[in-house]
Amino acid sequence: MDDRTLAASWIAEARRVVVLTGAGVSAESGIPTFRGPDGLWRGRDPFALATPEAFAADPYLVWEFYNWRRSIVAGALPNPAHHALARLEARVPAFTLVTQNVDGLHRRAGSRNLLEIHGSIEQIRCIDCLETVDAAGIVLPALPRCDACDGLMRPAVVWFGESLPSDLWEAALDSVRESDLLLVVGTSAVVHPAAGMIRKARGRVIEVNLEPTPASDDSNLSLYGKAGEILPALLEFP
């Protein structure tokens, strides 16, 4: 039995499935990952802009970056990997999708039991009154202001140096501990604390990535290639 056939059989047997996804899934929809030599934005390191300190120092620049990202997300479509995971959710009794992605493509593909632990780029939040607004599909001004208190709005995402929402994080950990299969898809497994979830798994772990990652050592089985090709193929097995 080859690795893909074995992985498909494990998925077919599983009753409590958790999926952890990262930027590699969205990359197949044309959304930049920002890691590697081609990951710059206007010559800048995007990770240096995704911090509270960068926003305090130059909110115009940070919003220019995020409005550019929002325009890319608005024009992107869910790819076969997103749709395959939505179909998998409909097949198993218990399913949780934990994503590090902020683009909303899993939701648009039909995933429902979804934990967006890094937030959503489609939402904005006031830094003063904490009012959160759904701004999906809206062209924002250069420096959005809160309608309620005129405070400065920021992207409702988790920046480097900020903690994950405790309720979502605990729900994600509980789902991983209770799962009999953890599917790790398109994540570099270097961003913590999400990367540490993999070692909390008590059941089988299958990794789907373009190349080996730190998650490979913690996986029972690793499949290398595009998630949009591998995941639909795995679900074709009876």
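How many bridges join strand 1 to strand 2, and do they run parallel or antiparallel? The views below start with that pairing, and the model shown in them is a predicted one.

**View 1. Strand 1 and its partner, strand 2.** Here is the reply to the opening question: strand 1 is joined to strand 2 (residues 94–99) by 6 bridges, and the two run parallel. To find your way along the pair, look for V18, whose bridge partner in strand 2 is T96.

**View 2. Strand 1 also pairs with strand 7.** Strand 7 covers residues 181–185, and its pairing with strand 1 is parallel too, over 5 bridges. A handy landmark is L20, which has V184 as its bridge partner in strand 7.

**View 3. The largest pocket.** This pocket has a volume of about 1100 Å³. Its lining is made up of 50 residues, and those nearest the centre are G22, A23, T33, R35 and N101. What kinds of residues form the lining of the largest pocket? They divide into 27 nonpolar, 16 polar and 7 charged. Helix 2 (23–27), helix 3 (46–49), helix 5 (59–75) and strand 8 (204–209) each contribute at least two residues to this lining.

**View 4. The second largest pocket.** Around it are 16 lining residues, with G119, R125, A156, V158 and P165 lying nearest its centre. Two or more lining residues come from each of strand 4 (119–126), strand 6 (153–157) and helix 8 (166–178). Which element gives the largest share? That is strand 4, with 4 residues. By type, the lining of the second largest pocket has 5 nonpolar, 6 polar and 5 charged residues.

View 5. S222 sits in strand 9, which runs over residues 221–224. Is S222 buried or exposed? Its relative accessibility is 17%, and the cut-off for buried is under 20%, so S222 counts as buried. Leaving aside residues up to four places away in sequence, S222 touches D3, E207 and S216. With E207 there is also a polar contact, made between the two side chains at 2.7 Å.

Methods: Residues are numbered from 1 along each chain as its sequence is written. This is a predicted model: local features need pLDDT of at least 70, side-chain atom pairs count only at pLDDT 80 or more; totals for chains, interfaces and linings use all residues. Side-chain values use heavy atoms; hydrogens and water are left out. On a 1 Å grid over the protein atoms alone, a cavity is a set of points where a 1.4 Å probe fits but cannot get out, and a pocket is an open set with protein on both sides within 12 Å along at least five of seven lines; lining residues have an atom within 4 Å of a point. Grid points are joined across faces, edges and corners, and a volume is the space filled by probe spheres set on the points. Ala, Val, Leu, Ile, Met, Phe, Trp, Tyr, Cys and Pro count as nonpolar, Asp, Glu, Lys and Arg as charged, and the others, Gly among them, as polar. Two strands pair if DSSP finds at least two bridges between them. Buried means under 20% relative accessible area, exposed over 50%, partly exposed in between (1.4 Å probe, protein chains only). A polar contact is a pair of N or O atoms within 3.5 Å; within protein, one must be able to donate a hydrogen and the other to accept it, and residues adjacent in sequence count only if both atoms are side-chain atoms. Contact means heavy atoms within 4.5 Å.
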